[in-house]
Amino acid sequence: MFVRTYGMLYMQNSEVFQDLFTELKRYYTGGNVNLEEMLNDFWARLLERMFQLINPQYHFSEDYLECVSKYTDQLKPFGDVPRKLKIQVTRAFIAARTFVQGLTVGREVANRVSKVSPTPGCIRALMKMLYCPYCRGLPTVRPCNNYCLNVMKGCLANQADLDTEWNLFIDAMLLVAERLEGPFNIESVMDPIDVKISEAIMNMQENSMQVSAKVFQGCGQPKPAPALRSARSAPENFNTRFRPYNPEERPTTAAGTSLDRLVTDIKEKLKLSKKVWSALPYTICKDESVTAGTSNEEECWNGHSKARYLPEIMNDGLTNQINNPEVDVDITRPDTFIRQQIMALRVMTNKLKNAYNGNDVNFQDTSITGSTEFGVLEHSSHILSKVNVVICICLGDESSGSGSGSGCMDDVCPTEFEFVTTEAPPVDPDRREVDSSAAQRGHSLLSWCLTGIVLALQRLSR
């Protein structure tokens, strides 16, 4: 549009406008750009170029043009457009960049937490819950729902502690999303920006005589230009305005929907993710392929036999697992890695609150690619896969059995089995796990049982 309206004049000064959009893009993608200073610099440079165009009869040195730029705020040669545009652009870009960064942080926290290794106590409790019914000759009896809840609350005790900070983070994300839907919608701000800049240029042209007089008074009388140049008058091209902006022509995203619809869709997904960490045990245990369900509390596996599960259900969080009857949880040793994720959420929440209030925020590590869907259930599949490894190792160690299939004569699974598990590894940036050793072949009957169990777990992991 600039080319069509101003032609060669724009082409000769296009770097001023190109630099503006380059810096806006650099800010959005995470660059260390001060928006207010960048916009002030744009208007100062535009004033210098415009001042030369409306006064072609004079020659202006670099020092003189620098003096001209100092009068930008005092003379307001572009009217009120720079002030209004600064407010709109800074609010819109701060909100948009911070919102996208928030989505990235949320995704990364969920992905990292999903890779946290289960503790040996968790693996032992899961094995007892999922496999001992087979040893007792009860392959069709599934764990009681409340029994499953206590096991999962013990296994996911540290993850549940994420809930408070996660919910605050989601609330802050929803607040910033309101900015993207309101008057500071980045799409509605950027679409007509060329029209607004053109209006500012028209204001400069209409007030050119007054502006020039005040600049000459403050900066001194400039030297006359060579005769050829002084004979030229102010370009007539400035009398051409852009065509009126039509809101119906707002561009759409590659997905074919406007930003408003995308933000609305993301907001709904964010609301659904509240309390996701404390709800994980309930989400896992309500799966019919895992437990007998809440309607079958008498005919279910309670950890010892087919009967009702009597112990009370533990509350959420690490400290509430001190008396968990199913999982040995050391409440004095919080998972350091998960505590780091809690801190990351806290920092991001503060940045989101600043962005909602229009305050600029800086990001050291900015990568704004990726989806907004969080794989929060991946951890349960990871835990169950570890149980498979333990069972294989147990079968390998049990080399002298009668093959009767009745291996669970005590209240718990065979105590003579050596649980060859790896202690929780030291926290490192990648939270890599130590691979388990390969398993040996067991008895044919137990192998047959194991095959059925693995198939059931595969259905669960899907």
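Let me start with one bond. The torsion about the S-S bond of Cys-148 and Cys-285 is about -85 degrees, so this disulfide is left-handed. Cys-148 sits in helix 9 and Cys-285 in helix 17, so the pair ties together parts that are 137 residues apart in sequence. The two sulfurs are 2.0 Å from each other. Cys-148 is buried, and Cys-285 is buried too.

Some ground rules. This is a predicted model: local features need pLDDT of at least 70, side-chain atom pairs count only at pLDDT 80 or more, and totals for chains, interfaces and linings use all residues. Residues are numbered from 1 along each chain as its sequence is written, and side-chain values use heavy atoms, with hydrogens and water left out.

Now the terms. A disulfide is a pair of cysteine sulfur atoms within 2.5 Å. Buried means under 20% relative accessible area, exposed means over 50%, and partly exposed is in between, with a 1.4 Å probe and protein chains only. Helices (H or I, at least four residues) and strands (E, at least two) are DSSP runs, numbered from the N terminus.

Back to the cysteines. How many disulfides are there by this rule? The count comes to four.

Take Cys-144 and Cys-300. Their sulfur atoms are 1.9 Å apart. The torsion about this S-S bond is about 90 degrees, so the disulfide is right-handed. Cys-144 lies in the loop between helix 8 and helix 9, and Cys-300 in the loop between helix 17 (276-285) and helix 18 (336-356), so the pair ties together parts that are 156 residues apart in sequence. Cys-144 is buried, because its relative accessible area is 3%. Cys-300 is at 0%, so Cys-300 counts as buried as well.

Next, Cys-122 and Cys-155. They form a disulfide with sulfur atoms 2.1 Å apart. Cys-122 is in helix 8 (residues 120-135), Cys-155 is in helix 9 (residues 145-155), and the pair links distant parts of the chain, 33 residues apart. The link is right-handed, with 105 degrees about the S-S bond. Why does Cys-122 count as buried? Because its relative accessibility is 1%. Cys-155 is buried at 11%.

Is Cys-135 buried or partly exposed? Cys-135 is partly exposed, because its relative accessible area is 23%.

On to the aromatic rings. Rings of Phe, Tyr and Trp (its six-membered ring) pair if their centres lie within 6.5 Å; planes under 30 degrees apart count as stacked, over 60 as edge-to-face and the rest as tilted. A search of the whole structure finds twelve such pairs. Look at Trp-43 and Phe-78. Their ring centres are 5.1 Å apart and their planes are at 45 degrees, so the pair is tilted. Trp-43 is in helix 4 (residues 35-54) and Phe-78 in the loop between helix 6 (72-75) and helix 7 (81-113), so the pair ties together parts that are 35 residues apart in sequence. Both Trp-43 and Phe-78 are buried.

Tyr-58 and Phe-60 make another tilted pair, 6.3 Å centre to centre and 55 degrees between the planes. Tyr-58 counts as buried at 17% relative accessibility, and Phe-60 at 7%. Both belong to one aromatic cluster, made of Phe-51, Tyr-58, Phe-60, Tyr-64 and Phe-216.

Two rings carry a charge over the face. That needs NZ of Lys or CZ of Arg within 6 Å of the ring centre and within 35 degrees of the ring normal. Arg-97 lies over Tyr-27, at 4.0 Å from the ring centre. Arg-179 lies over Tyr-356, at 4.2 Å.

Now the core. A nonpolar core is a set of buried Ala, Val, Leu, Ile, Met, Phe, Trp, Tyr and Cys residues joined through side-chain atoms within 4.5 Å. The largest one has 104 residues, and those with the most contacts inside it are Trp-43, Phe-51, Phe-99 and Val-151. Helix 7 gives the largest share of this core, 14 residues. A contact means heavy atoms within 4.5 Å. Leaving out residues up to four places away in sequence, Val-151 touches Ala-125, Leu-126, Met-129, Glu-326 and Val-327.

Last, confidence. pLDDT is the predictor's confidence in each residue, from 0 to 100. The protein's mean is 75, and 69% of its residues reach 70 or more. Over residues 228-250 the pLDDT is below 50, and this stretch has 50 contacts in the model beyond near neighbours in sequence. Residues 253-257 also stay under 50, with three contacts beyond four places in sequence. Where pLDDT is low, the predicted coordinates should not be read in detail.
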